[in-house]
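Here is a short report on one protein model. Look at the sequence and the structure first, then read on.

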Amino acid sequence: MDDCFRCPEDHYPSNGRNTCIPKNITFLSYKDPLGISLSAIAVSFVLITILVLQIFIKHKDTPIVKANNRNLSYILLISLLLCFLSPFLFLGQPEEVRCLLRQPTFGILFSVAVSCVLAKTMIVSLAFLATKPGSWMNKWAGRRLPYSIAVSSCLIQASICIAWLATSPPFPDVDMHSAHEEIILQCNEGSVTMFYCVLSYMGFLALASFIVAFLVRKLPDRFNEAKFITFSMLAFCSVWISFVPTYLSATGKAMVAVEIFSILTSGASLLGCIFFPKCYIIVLRPGLNNRKHLLRQF
């Protein structure tokens, strides 16, 4: 008993309690089976998004692409493309630059995407209200309004991220206590409050988009895609609501994997619900891509 001593933090005792064994260093790497799977899914979504963007650019002058502001559709697709690339900031050994960039990048990119969706829903609502004689909405239904909504929404999220990086930036950290036989390399978020502020603001934009889209889903607008936006925002909100308790209960690789999975799933919900119905008509039913059908369909 006189020879007993406590193992260093980076070691753990053997089963016989007679020696100290070095702990394994662990993080979610590209070579890890889980990392490989998530990378493959992310690359698949990137390729699908590029394909959808190419389809929209090729058919840019058709009615279904021009519906509800085609430039906003381009911005939304590019932001989703970057969202699907953002998980690669979460994979690999945590480093200072990687830790600094990953959460703000994710937050700003998704804010761009969701603010574009919000702008699209506002176009439908204001366009209908502006058709009423003498409506004060006439002066608000111009081309600049959707871009003003998108830019102002993104600037607020960017301001939150800048304040986060200026006050309590994320940094590489080592967790020696969560796992008995492992040393977990991870990014410490610096300020958990600011992290949840970023998520909360993104949730606010998504909720606003859902409410507006739900309210205008039955308006007789000629190219009303509010129904698709409603479903996409419902799926988006569901993913991030379930993310919070799952993220809080996870540790190590699982924590990173949960966030990557949420990014990919929520991005896929936007891509699938908003763009796949249009791509179906453009590619498989080109005869329906005309004003007469769309006036009746939407």
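## Helices α1 and α3

α1 and α3 are roughly antiparallel to each other. The model is a predicted one. Helix α1 covers residues 33-58, and helix α3 covers residues 70-85. Their axes come within 8 Å and cross at roughly 165°. Angles over 145 degrees count as roughly antiparallel, so that label applies to α1 and α3. Their crossing is left-handed.

Which residues of α1 meet α3? On the α1 side they are Ala-42, Phe-45, Val-46, Thr-49, Ile-50, Val-52, Leu-53, Phe-56 and Ile-57. On the α3 side they are Ser-73, Tyr-74, Leu-77, Ile-78, Leu-81, Phe-84 and Leu-85. By class, this contact has 14 nonpolar, 2 polar and no charged residues.

## Helices α5 and α6

Helix α5 spans residues 144-167, and helix α6 spans residues 192-215. They pack at an angle of about 170°, with their axes 9 Å apart. α5 is therefore roughly antiparallel to α6.

From α5, the contact uses Ser-152, Ser-153, Ile-156, Gln-157, Ile-160, Cys-161, Ala-163 and Trp-164. From α6 come Met-194, Phe-195, Cys-197, Val-198, Tyr-201, Met-202 and Leu-205. The contact of α5 with α6 has 12 nonpolar residues, 3 polar ones and no charged ones.

## The second largest pocket

The second largest pocket holds about 280 Å³ of space. Its lining includes Asp-3, Cys-4, Phe-5, Arg-6 and Cys-7. His-11, Pro-13, Arg-17, Asn-18, Thr-19 and Cys-20 also line this pocket. By class, the lining has 5 nonpolar, 3 polar and 3 charged residues.

Conventions
Residues are numbered from 1 along each chain as its sequence is written. This is a predicted model: local features need pLDDT of at least 70, side-chain atom pairs count only at pLDDT 80 or more; totals for chains, interfaces and linings use all residues. Side-chain values use heavy atoms; hydrogens and water are left out. Axes are lines fitted to C-alpha atoms, for helices over the stretch in contact, and angles run from 0 to 180 degrees between N-to-C directions. Helices (H or I, at least four residues) and strands (E, at least two) are DSSP runs, numbered from the N terminus. Angles under 35 degrees count as roughly parallel, over 145 as roughly antiparallel, 65 to 115 as roughly perpendicular and the rest as oblique. A crossing is left-handed if the near helix is turned anticlockwise from the far one by less than a right angle, and right-handed if clockwise. Contact means heavy atoms within 4.5 Å. Ala, Val, Leu, Ile, Met, Phe, Trp, Tyr, Cys and Pro count as nonpolar, Asp, Glu, Lys and Arg as charged, and the others, Gly among them, as polar. On a 1 Å grid over the protein atoms alone, a cavity is a set of points where a 1.4 Å probe fits but cannot get out, and a pocket is an open set with protein on both sides within 12 Å along at least five of seven lines; lining residues have an atom within 4 Å of a point. Grid points are joined across faces, edges and corners, and a volume is the space filled by probe spheres set on the points.
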